[in-house]
Amino acid sequence: MRTTKAARLLAAGAALTALTLLSACGGGDHESEALGSKAPVPPRVNKPRVNVLPGMPPVEDPADLYAADRPGRLSPVVRDFPSRVYVPNTNSDTVTVIDPATRKVVETIPVGRQPQHVVPSWDLKTLWVNNDLGNSLTPIDPRTGRAGKPVAVHDPYNLYFTPDGRYAVVMASMDRELVFRDAHTMKVVKTVPVTCYGVNHADFSVDGRYFIVSCEFSGELLKVDTARMKVVAQEKLPLRGAMPQDVKVSPDGKLFYVADMMAHGLWILDGDRFTPPRFLATGKGAHGLYVSRDSREMYVSNRGEGTISVFDFTRNRLTKKWHLPGGGSPDMGGVSADGKVLWLSGRYNAEVYAIDTRTGAQLARIKVGSGPHGLAVYPQPGRYSLGHTGIFR
């Protein structure tokens with residue numbers, strides 16, 4: 001959500017009373033003896049192959065899309081990059097750079113007007129700063145931390161990459177467009193107008209053949225065919241005033257979770273069938289979604305109450321809720337490469353939170369610029385990036 005929309009969003013709070021109904025919802029003989037004493041080798045089980053989008057890397061484990069995101073599995077591309085937390089300050093037009101080891105600010109980089117998210121490129125080599133009202137993308141070299149020459153891109157509220165690495169997908173929120181661009185040159189390939197308002201977040205199916213997009217200002221979801229670059233389905237969320245935000249697919253690829261900051265919880269959607277979703281309440285202002293390094297849990301930032309809810313995929317329920325001492329406004333972020341720390345921006349408090357993923361304890365609260373939003377923890381494990389603040393496969 002953009003800070004400039006805050007006043008308008010308060011009016012949707014009256015719709016929340018409907019949620020009580022939705023929430024229900026050696027050799028010789030000696031050698032032979034040794035071999036005979038060993039347990040039999042279990043038969044080798046071949047994992048089913050997924051018929052992926054042409055050009056997309058194969059799915060390592062269809063039961064766990066995040067199998068490549070385990071601690072220590074850094075790609076050779078990023079292995080020598082310094083570990084940093086990059087924080088776009090929407091109101092300050094800067095990116096604050098934090099050293100996670102010392103938890104100190106090491107640099108402040110001037111960028112374009114109203115930077116919203118810092119997005120790792122598909123090939124992991126570049127970080128793109130989305131200067132929404134500046135109509136540009138500022139590239140940052142994560143090896144050196146230096147910013148390059150901005151690239152002209154209109155209304156880049158958020159940025160994703162198709163799983164085959166061919167296209168960047170610009171979420172042009174105010175333009176009401178999905179703009180497919182060359183992933184390297186950022187030249188427009190196809191512009192897709194949409195009839196919803198406020199396209200902002202997305203995630204891809206297990207095979208990469210479609211992705212689900214949230215539309216925050218009209219409370220709708222889109223299903224987009226990746227190869228055809230076409231909206232193939234659209235539905236209105238069953239709550240007046242709904243404002244869907246972050247989108248995340250489950251490890252087994254069967255369900256999509258959509259945070260809703262006005263519904264105060266998650267919509268849970270069958271992406272293949274695209275039927276009406278069910279609802280799970282998490283906390284006021286549910287906003288960002290982040291999967292743990294073991295793929296067992298998902299962290300839900302509840303921006304309106306200063307908490308993080310923990311959802312267990314296996315048990316299909318919420319198991320914990322962590323409270324920031326003194327409150328806060330946890331928004332977007334990411335998990336450290338070793339999985340031990342969850343980093344989140346404090347949207348309305350000009351700060352960043354470091355949270356212990358084992359205990360939920362606050363490890364640090366670091367002052368940054370005004371309006372910190374889609375921060376990126378980088379580098380992270382994974383073979384390639386699908387965009388946003390770091391969706392890795």
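Visitor: How many helices and how many strands does the secondary structure of the chain contain?
Guide: The model is a predicted one. In its chain, the secondary structure comes to 29 strands, and the helices number three.

Visitor: What percentage of the residues of the chain count as buried?
Guide: A residue counts as buried when its relative accessible area is under 20%. The chain has 393 residues. Its accessible surface comes to about 16,000 Å², and carbon and sulfur atoms account for 53% of that surface. The share of residues that count as buried is 59%.

Visitor: How many disulfides does a search of the whole structure find, and which residues form the link?
Guide: The search finds one disulfide. Its sulfur atoms are 2.1 Å apart, and the residues that form the link are Cys196 and Cys215.

Visitor: Why does the pair of Cys196 and Cys215 tie together separate parts of the chain, and how many residues apart are they in sequence?
Guide: Cys196 lies in the loop between β12 (188–193) and β13 (199–204), whereas Cys215 belongs to strand β14 (residues 210–215). The pair therefore ties together parts whose separation in sequence is 19 residues.

Visitor: What separates the closest N and O atoms in the salt bridge of Lys321 with Glu305?
Guide: At 36% relative accessibility, Lys321 counts as partly exposed, and Glu305 is also partly exposed, at 31%. The closest N and O atoms of Lys321 and Glu305 are apart by 2.8 Å.

Visitor: Where in the chain do Lys321 and Glu305 lie?
Guide: The pair links distant parts of the chain, 16 residues apart. Lys321 is in strand β24 (residues 317–323), and Glu305 is in the loop between β22 (297–302) and β23 (307–312).

Visitor: Which residues are linked with Asp331 in a network of salt bridges?
Guide: A search of the whole structure finds 14 salt bridges. In the network that includes Asp331, the linked residues are Arg303 and Arg347.

Visitor: Is Arg393 buried or exposed, and which side chain makes a polar contact of 3.1 Å with its own?
Guide: Arg393 lies in the segment after β29 (376–378), and its relative accessibility of 5% means that Arg393 counts as buried. Among the residues that Arg393 touches are Leu65, Tyr66, Phe204, Val249 and Tyr384. The polar contact of 3.1 Å joins the side chain of Arg393 to that of Asp203.

Visitor: What is the C-alpha to C-alpha distance between Arg393 and Val206?
Guide: In sequence, Arg393 and Val206 are 187 residues apart. In space, their C-alpha to C-alpha distance is 10.0 Å.

Note on methods
Residues numbered from 1 in each chain as written. Predicted model: local features only at pLDDT ≥ 70, side-chain atom pairs only at ≥ 80, totals over all residues. Heavy atoms only, no water. Helix = DSSP H or I, 4+ residues; strand = E, 2+ residues; numbered from the N terminus. Buried < 20%, exposed > 50% of the residue type's maximum accessible area, 1.4 Å probe, protein only. Areas by Shrake-Rupley, 256 points an atom, 1.4 Å probe, with all protein chains shown as cover. Salt bridge = Lys/Arg side-chain N within 4 Å of Asp/Glu carboxyl O. Disulfide = S-S within 2.5 Å. Contact = heavy atoms within 4.5 Å. Polar contact = N/O pair within 3.5 Å; in protein donor to acceptor, adjacent residues only side chain to side chain. Lists of a residue's contacts leave out its neighbours within four places in sequence.
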